[in-house]
Amino acid sequence: MKKLRIPVYLQIFAGMFLGLLAGIVALHTGGESLVSLWIKPWGRIFIRLLQLVAVPLVFISLVRGVAGLSDMSRFSRIGLKTVVLYLSTTTFAVLLGLTLVLTIKPGRFVDAAKTAAFEESYRRQADEMAALEQENEGPLRFLDAIVPDNIFSALTDNRRMLQIIFFALLLGVAALSVGREKAEPVMKLLHSLDEIVLKMIAFIIRLAPGGVAALMAGLAVDCSGDIGIFSALATYAATVVAGLLLLLFGFYPLLVRLFTRLPLKKFLKEMYPVQLVAFTTSSSAATLPVTMNTARNRLGVSEEVTSFVMPIGATVNMDGTSCFQAISVVFIAQVLGLNLGVEHLLIIVLMTILSSIGTPSIPSGGYVVMTMVLTAVGIPAEGMALILGVDRPLDMLRTSVNVTGDVTVAAIVDRKTLPKCSD
């Protein structure tokens, strides 16, 4: 008989339910201290494991992504337009997410007393955020915080991720400049390290059900069984879905209509199978063969553009993930009672855009990057426990958004750049 295998997302959902149940039972039996001493620490260990791989994942992915454009001399116009378009769509997705979450404010459904309790529990992080506002005063203080004076010092502090990203981009550009032959040994090493880090992430994700259970048990005790957290969670999920659907059925069709010669009806029809595969696999990488085949054979994007733009998009273009992360970070801050100023929102925008390049195109790959973004703005990564239980369906939908963005950009690049498409 075949061994019964339960999908990881169902295991995580079960872990969330059992953790909440354990926390509620503890509240009614006087076992709060038992949860705090013996269960909650396992949740913190799970979060630390995610944080452990965040720096190497983003660093390696960024260097490989930039240095991998070694044939830019051949595709100079295509490459430049591709990068600009990917960054532009990602920026729009992040700003859309921030607009929605700041307007809807899903965290407002949590009782004010519970929010105050959360804020007191995470007072240290709140004080660090306040200190960040006061130090390095001046119009260029933000830029000053981007450039590191010691990369090894930055590598040991997740809160200095912008500095790590800056160095990774600089290293990637330098590797690109010295040529493929000289950079090849380093690129082979980075490729091997990338495979190893992805395997580490796969190991850690297997621990997610237990980690989520421990985190949710601690959260239930901290909330004292407040039902408001579930109303907030439902509103948060609806906010994410609204943002993703706006991208899927509003933003991308508008770009296709304005900047390509593709009939909009044909684009939507041919993209449906691709979106369905992405939805079921939750992986841009796994969907890539279907995405490339559709772009080339069904939508008429040239082989030259398809082979160049699509693989890059599967790595660096994560519009759905970026929109989701912007909403999630602000939502967690709202629930924890942490006020985000303009400085923090700007950091979220830049961190989300840049770190989207380092998001692995595998199911639940955004967990790792989110811990990095949370830490960068002084939000405790443990707050991610709030959203893990409902993340799987959102992960499926945002992957569909990611691949749709890849094909949209490829169509724009091909039909506005290549000579065969000129009037």
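## Helices 15 and 16

In this predicted model, the axes of helix 15 (residues 319–336) and helix 16 come within 10 Å and cross at roughly 145°. Axes here are lines fitted to C-alpha atoms, for helices over the stretch in contact, and angles run from 0 to 180 degrees between N-to-C directions. Helix 15 passes helix 16 in a right-handed crossing. A crossing is right-handed if the near helix is turned clockwise from the far one by less than a right angle, and left-handed if anticlockwise.

Which residues make the contact? Helix 15 supplies S322, Q325, A326, V329 and V330. Helix 16 supplies L345, I348, T352 and S355. Contact means heavy atoms within 4.5 Å. The residues of this contact divide into 5 nonpolar, 4 polar and no charged. Ala, Val, Leu, Ile, Met, Phe, Trp, Tyr, Cys and Pro count as nonpolar, Asp, Glu, Lys and Arg as charged, and the others, Gly among them, as polar.

## Length and burial of the pair

Helix 15 has 18 residues, which should span 26 Å at 1.5 Å a residue. Its end C-alpha atoms are 26 Å apart, which agrees. The expected span is 1.5 Å times one less than the number of residues. Buried means under 20% relative accessible area, exposed over 50%, and partly exposed in between (1.4 Å probe, protein chains only). G337 follows helix 15 and has a positive phi, near 75°.

Helix 16 (residues 342–355) has 14 residues and should span 20 Å; its end C-alpha atoms are 20 Å apart, in agreement. Here 10 of the 14 residues are buried, so helix 16 too is largely enclosed by the rest of the structure. Among the buried residues are E343, H344, I347, V349, M351 and I353.

## Helix 9

Helix 9 (residues 180–206) has 27 residues. From first C-alpha to last, helix 9 reaches 37 Å, close to the 39 Å expected at 1.5 Å a residue. Helix 9 bends by about 35° at V186. The bend at a residue is the angle between axes fitted to the seven residues ending there and the seven starting there.

The buried residues of helix 9 are A183, M187, L190, D194, V197, I201, I204 and I205. An α-helix has 3.6 residues a turn, so residues three or four places apart point the same way.

Helix 12 (residues 264–281) holds K265. K265 is exposed, with a relative accessible area of 71%. K265 and P253 are 12 residues apart in sequence and 9.2 Å apart in space, C-alpha to C-alpha.

Q275 is also found in helix 12. Is Q275 buried or exposed? Q275 is buried, at 13% relative accessible area. Leaving aside neighbours within four places in sequence, Q275 is in contact with L248, S400 and T404.

## A loop residue

K105 lies in the loop between helix 3 (76–104) and helix 4 (112–121). Its phi is positive, about 50°, although K105 is not a glycine. Most residues other than glycine have a negative phi. K105 is partly exposed, at 45% relative accessibility.

## The whole protein

The protein has 19 helices and 0 strands. Helices (H or I, at least four residues) and strands (E, at least two) are DSSP runs, numbered from the N terminus. Of its 423 residues, 53% count as buried. Among contacts with a separation of 6 or more, 85% join residues 24 or more positions apart.

## Basis of the values

Residues are numbered from 1 along each chain as its sequence is written, and side-chain values use heavy atoms, leaving out hydrogens and water. As this is a predicted model, local features need pLDDT of at least 70 and side-chain atom pairs count only at pLDDT 80 or more, while totals for chains, interfaces and linings use all residues.
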